[in-house]
Structures are given as structure tokens and as C-alpha cells.
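Please keep the structure in view while reading.

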Amino acid sequence: MKIWMWIFAAFVLGFAWSIAAEQGLRTERISGSAGDVLEDDPVGRLKVYVYELPSKYNKKILQKDPRCLTHMFAAEIYMHRFLLSSPVRTLNPEEADWFYTPIYETCDLTPNGLPLPFKSPRMMRSSIQLISTNWPYWNRTEGADHFFVVPHDFGACFHYQEEKAIERGILPLLQRATLVQTFGQQNHVCLKEGSITIPPYAPPQKMQAHQIPPDTPRSIFVYFRGLFYDVNNDPEGGYYARGARAAVWENFKSNPLFDISTDHPTTYYEDMQRAIFCLCPLGWAPWSPRLVEAVVFGCIPVIIADDIVLPFADAIPWEEIGVFVAEEAVPNLDTILTSIPPEVILRKQRLLANPSMKRAMLFPQPAQPGDAFHQILNGLARKLPHDKSIYLKPGEKILNWTAGPVGDLKPW
Amino acid sequence: MKLSMLQQSYLNRRTNSFRSAGGPLDSSSDGAIKSPAAIFWLVLHGLCCLISLVLGFRFSRLVFFFLFSTSTSSNMYASPFRSSVELVKTLDVHSVLPTNPGKSFELPVVNKTATNSRVVVGRHGIRIRPWPHPNPGEVMKAHQIIERVQREQRVQFGVKDARTVIVVTPTYVRTFQTLHLTGVMHSLMLVPYDLVWIVVEAGGVSNETAALIRKSGLRTIHVGFNQRIPNSWEERHKLESKMRLHALRVVRERKLDGIVMFADDSNMHSMELFDEIQNVKWFGAVSVGILVHSDNSDESDQKQGEEENQRMPIQGPACNSSNMLAGWHTFNSLPYLGRSAVYIDDKGTVLPRKLEWSGFVLNSRLLWKDAEDKPNWVKDLDLLDEDSDSPLSLLKDASVVEPLGSCGRQVMLWWLRVEARADSKFPPGWIIDPPLDITVPSKRTPWPDAPPELPSNEKVVINLPEPTVKHTTTKTRSRKRSSRKRKHEAKTTDTQVSTRHQEQN
């Protein structure tokens, strides 16, 4: 009799386990380095104080050029708007853990829509002078509990050209602050320790509007649309993208598995949803909105950028989701991609299908739980509590206010 | 991201590189600007600039490509994992010619300022492998990956609990049978669900049809119907209806379970149709596009009804605004009165029936003698009148029909009746045995006049009475000769054939 009871119990358990396993068949939960970090709720874990800067630092700039709301650097504007109405905001600076300076320094655009970084250092410097004279909190720590959103090409180095950016280095006044930036490359001057890497802004409504039914079969093997040679600035190639994009073109332009071209199709988003792999090579800077688009549309990103630091790298296990290809291995890209076992590819697709993964890459308006704003706050919360050593003793000064190129010292 | 200020950026880069601190060039030129090496490089630089100005492009790349191409490119392919040190070395080789001296020495500069970064800024070579073509083994693997991904997509998003598709096709042996039946067969072979194909043949089971459908690899039931196909379209339609009912009786006898659809062998089906019919519960209807082969000699009619002629007639369910079945779109045969074909060989248009059988799908359980949940609005198959025109006669109440394909808005199959004349002949099994011979010498040959006769291997000439396709000669040469261009020309004599053969050799 007892034996039958045990057999029955085992059978029931096995049945229950198989049902549970089947539930997990479709999407897999992403487990970050510290458990399900993507699902964390930052509310209650930190308090942010938003400085009241005169509107010439934010609103007036936006009024002059409303294109800033839709380009890939728009994260700084939406972060400000999110913080103004978020429950983590506090109006009492004494209890704040973090201080935010709302400055839209990437909003000085050329007629073509590209941001000019030449005035940004001066603007930043002027705003820091303002907050250090009007509030005591900057001088208390020299900015160690302040954070700034710097979504420009090379972050706080404020230049679009890599050599110039490296030469300038991070703005000296921001040495102690936490930088929230899109740029990330290991051992690079423009990525400092403790920065939070975020995805570039991609318009969520536009991507939502171009969804196609999920049962449309994925029939494109590799997809890419974009420049291979930047003929205006680097006609011979070899400079742009460190020659990686040109290598992709030269090696695979006549390969039928690779759907790559410089066209601007209207069905760009739809095509991504019909592709298995989407190339995300570096350009002038290693990051690009293609990563966000690939994740949202379920296309496995093939990242060709040596030493890149991807957004929220401490929360998202990018190795399991994307495929990393060294720039020197680009000529063998087809061998690399076809030698991935199908089970691995299916697993990556299941991880990408996880809605929390897609949410974490977007900046929706209004904000939703689990989106990129919350991941930034999670990242800031993980850095708490502040070490006692950041509080300076009275009279102690670390920052050199006159460091940097002479042009930066001019008032803005 | 990058500004299109060409001159500005180039100037910036150039002046920058000269200004950049550190590096062997600068250190050497720091103190002794007048050192002979520096002067030499300066002069060489100026010379190369002048040459480039004259030529219009940087020729240094070409020079180094020719000088170093074999060694470096094969290096690049053979050793994909190269350290940055090697990279710096090759780049030095490439950019030794100092049209841009600052560049080559920028690399160690950057290495110093960038803290131990493995990635170097500056001009990199574009790696191209020497054999650019795709490896066929890899292409196969990629296709297997694609197929696996699509299978997974079907499992996740496709139809749950797919039912067997039972396809009913009436057919008979004729010239166009191979054409039509092969088309249907290939469509059915692509269907991702289980399939049973019931082929009903007028005139009894024949070897030709059997051989044809055996190639499909599908589960087929080949049934013969002991009546020969008549010569008028009206009679043919009636006979085909009877054959379909016969097939439904087979479904009932064998208790086949699934969805019954009618695939006439002259119809064209899209794959979405088979996905859509899985949604049927008991009795469904889809829209059929009618491709009426219009006679060209009726221009008067065209002027009258221009707008109607532009739109393709559709047969199928019609829905009201709440997507409920409200009626039927049927084929309007009024414009074709008096011009429609009556007999097979008529020149007139072949018209479809009011409602084609192929536009309906039904659950096979409706045909069974005893199924538990069989609805009461279906008549028993045995009691059906033999002259039923469409499966609607199986229903007591036509309003229970489910409209499929987003309420008939999607057209997923097309009807077109094209048949050869009743007396047309075709080679049995479409195998030409014995091989055809040449008919008459062609008056306009594509190749020049033949030199004198040379001994030929095999004999050639034959005559065919009609201007049908003429093929040439022997098996060895037939492939070269039978091209589409020469369909209407007669072939040449054996002398010219042999000479051409000789010329080609």
C-alpha cells in the first residue's frame, strides 16, 4: 500500500514539474548578476533632489530646437521629465541621496541634426558654478553624490572625434560625479569607474507602430542597414568604425545570407522582425540605437565593437543574449554565425522575447515599471550608501577649477 | 554623429596630428628640425602630395597594395587573432609613405594616453579574406538554422492542435493534367500539416495519374470513378460534383478525421490558405478569386463596363459590418452571355459555377454516420441529391457557415480553367521515346554557312507535320541545340550540326 502511495506522489510531482517547465518554455527569465535585478523597484530605495536651474539651461534650449526630443540623445530630456514627477524625487535636499542637474547639453544641433559639443563644456561648467554657489551640497562632496546625464558620443569628453575626445578627457569638474552616459568602452579615458551605461533613446511609439504579427516567419539570416564607408569624413575607409564596417561590406556584399545595404527602407523595423541576426557594428562611437531596436524586435544582436560596455551591463547578461564578434574576426563572420548551435539561438531568442528585457531598453512616456528610467535609478540605488570619505573636510579642495583647455573656461 | 565639414575635419586631423605630443617623429624633430631625415621626409611628403594632386587620388595605397598585397592579405586571413602590437606593425608598413606622416605615429601616442587600451584609434586596414564566396556547407547550416527557427515560431505562434487536411481532387487524364496536378501536388507537399489526398479519377484509375501522384510522397487515396469525362463544360462540372461526393463517401467509410477541402487540379493555392482553414469549426467558406480567361475580341464590351472589368470577380462569403455572414458573392455571368464556352474546344470564355466547391471547407465529422457532437443542421450524405451544385446542399440552413480569411477579405486561392483541345495529343508520361528528329532545314540559321560536309557520328533528319516544337539530333547534342529561341525554326541538317559541334570543340 505504502509503495503505491509513494509512486502516486512521485507521479503527481513529476506532472506538476512538467507543467512548470512548459510554462517556462516560451520565454526565459533573465537572471542578472544579483538575481532578477531588472525587476527591482527603486522607489523607496533612494531619494533624488532635482536642482532648479534657470530655464536657459533646459527649457529655452529645447524651445529653440524641438528636434532634441526625437534624436538618439533625447534621454537627458526625458530623464529630467521623469524625475520631476517620480516618487523618488524629494523636495528636501537634506534627505536626498543623489542630486540631479537638469542640463540639456546635447541640444545644440547643426542643420542636419547632429549635436555640436563645442559649447557643452562651458555650459556644464557654468551650471556647476551656479549650483556650487547657490547650494552647499556640491561643495560638501565636490560632486560625489551628484549625477549627470551625458548622452553624447564619447560621454563627458564632449567631442565627436575619438582622438580629440581622448585628448580632452572627462571634464575635470565631473571627476567625482557619477556619469550616466551611452558611451562605454573598457579601459577608455571617457568611461570612468562607477559610470552607468544606458541605451540611446529610441522612440517607443514609432517602434510599437511597426510591429508585425509574431508568426511571420524569420527568413532573413543576417540584417543590417547603415553606412559602411563614411564618404564625407573618411572616403577611403579604415578610419570609420576602425574598418570593421567596410570589412563587413567587402566580405559579404554578395553573400545571399547577408541582407546588408545602405538603403533607407520604410520597412526597416518590419525587416528587423523578420531577421534572425542583426549586425550592430561600431561607427564613429561604439554604441548605436541598433542595439535597442534589435532587442525590441527580437533579433539577436551581433555586436562588433571591441571592448564595448553595453547598457546596464551589471544587470543584463549580454553574453547570453547577443553574439560578440571581435573586429579582427569579421571576415569569418559567416562561419561564426552558422556554427552557433540552433539550441543556443533558440535560447537567445527566448531571452530576447522576455518583456522585461525589452522594457529595460526603452524610455516610454509616461514611465512604466521596469523601463530604462527605473534601471538607471536601480543602478544609482546599488551605489548607495555613499562612503563616508566622499564628504570633504572643511577647506579641503580636490577639483581644479581651472584645469582643461582654455576655451572651456570662458563663461557660457 | 560626424559632421560633414570635410575640410575642417581634415585640417583638424592634420594639424592635430602634428601638434600631438610624444611619438618618435616629434621627438626626433623636436630639437633638430633640420635633421636630414626630417628634411628627406618633408621633401618626399611634398613630392607625393604633388603627385596625388595631379593624379587625383592617394596613390600610396596602390603602391603598397601591389608591394605588400600577397603577404599581408594572406596573413590577415590565416591568423585572425592578432595582437595589437602586430596590428601597429602592419599599419606602419601601410602608412610608411608619409603623405600623412602624423597618422602612422599617432598610434603609439594614443597608446600612451589611453590607459592600457587594447583598442587603438586611427586608421586600420580593412580585412578582406582572399576567397570571398560563401562556403556551401555553411550556407546549408544557415538554412537549417532558419528552418529550425521557423519551426519554433510555428510551434509558439502558429495553429494549436493542427488537424489533418483531407484534400479532394477530381481529375482525369488529359494534356494539361500533368501541368495542373503537379502544381497542386507541389502546393500540398509544402503544407506543414498532416495530409490525406483523395484523388478521384474519371474513367477509372489510370497508370499515368498513379505515377504522377506517387511522386508526391503524400498519403494518397486514388479512387476511380467509372464514367468518362464528357465533352461539354456543363456536363463536366456535373461529373466533377459527383466525383467529389464520391470522395466524401470515401471519407465517411474510412472515418477520416480532419478538415476536408476541395482542391481542383486547375486551381492555385497559397500556403496561407492551409493555415486559415485550420480555424474552421464545422463548415467554413473562403473567398476564391476567379481568373476568367477573357476573349480578346470583345472591345465593345470593354468600353461599356470599364470599371467592372478592372476588378477581379471574387466568389465567397459576404459579411455585414459586425462580421457576421450576410450573404454570398457569386460569379456574375451576365457579361459573358452568349460568349461562354460550351464545349471543350470552344474559343469562348470558360465560366465557373455560381459557387465553386473549392471555396468551402468542412469538418470531416459532418460526414460521419455517427459523431457525438455532430450538429443537427447537416444532412446525411446518403440522402444527398446527386446533382448538388455546391457543398451548401449538405446544409439545411446556410447561415451556419463560418466565413474565413478575415471574413472573406483575404483571397487565398484562385480559380482558372485552362484546358487543351479535346483532340490534343501529348506524349504518354511526357517522355519522348523514341527521340524526335529534325524536320526541315531552317532557312535562317543563327550560325554561319557550313563548310563542306564532314563525317558525322549519327544521323539526324526527320519531319514533323505540324509547327510544334522541333528538337534536334542525338542525345549528346540535343541539350546544346534545344534552346527556346529556336522553337519556331526548323533545325539544320546534320552537316551544319556536325560542323558546329566541331567548332565548339
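**Exercise 1.** Which residues of helix 9 of chain B meet which residues of helix 10 of chain B?

*Solution.* The model is a predicted one, in which local features need pLDDT of at least 70, side-chain atom pairs count only at pLDDT 80 or more, and totals for chains, interfaces and linings use all residues. Residues are numbered from 1 along each chain as its sequence is written, chains are lettered from A and ligands numbered from 1 in the order in which they are written, and side-chain values use heavy atoms, with hydrogens and water left out.

Step 1: taking contact as heavy atoms within 4.5 Å, helix 9 of chain B contributes B:Gln177, B:Thr178, B:Leu181, B:Thr182 and B:Met185, which meet B:Thr209, B:Leu212 and B:Ile213 of helix 10 of chain B. (Helices, H or I with at least four residues, and strands, E with at least two, are DSSP runs numbered from the N terminus.)

Step 2: by class, this contact of helix 9 with helix 10 of chain B has 4 nonpolar, 4 polar and no charged residues, where Ala, Val, Leu, Ile, Met, Phe, Trp, Tyr, Cys and Pro count as nonpolar, Asp, Glu, Lys and Arg as charged, and the others, Gly among them, as polar.

Step 3: helix 9 (residues 177–189) and helix 10 (residues 207–214) of chain B pack at about 30°, with their axes 10 Å apart; axes are lines fitted to C-alpha atoms, for helices over the stretch in contact, and angles run from 0 to 180 degrees between N-to-C directions. That makes helix 9 of chain B roughly parallel to helix 10 of chain B, since angles under 35 degrees count as roughly parallel, over 145 as roughly antiparallel, 65 to 115 as roughly perpendicular and the rest as oblique.

**Exercise 2.** Describe how helix 3 of chain A is placed against helix 15 of chain A.

*Solution.* Step 1: the axes of helix 3 (residues 75–84) and helix 15 (residues 372–382) of chain A come within 11 Å and cross at roughly 75°, which makes helix 3 of chain A roughly perpendicular to helix 15 of chain A.

Step 1: A:Tyr78, A:Met79, A:Phe82 and A:Leu83 of helix 3 of chain A make the contact with A:Phe373, A:His374, A:Ile376 and A:Leu377 of helix 15 of chain A, and these residues divide into 7 nonpolar, 1 polar and no charged.

**Exercise 3.** At what angle do helix 13 of chain A and helix 8 of chain B pack?

*Solution.* Step 1: helix 13 (residues 342–353) of chain A and helix 8 (residues 136–157) of chain B pack at an angle of about 45°, with their axes 10 Å apart, and helix 13 of chain A and helix 8 of chain B are therefore oblique to each other.

Step 1: on the chain A side the contact holds A:Pro342, A:Ile345, A:Leu346 and A:Gln349, and on the chain B side B:Ile145, B:Arg148, B:Val149 and B:Glu152; by class they are 5 nonpolar, 1 polar and 2 charged.
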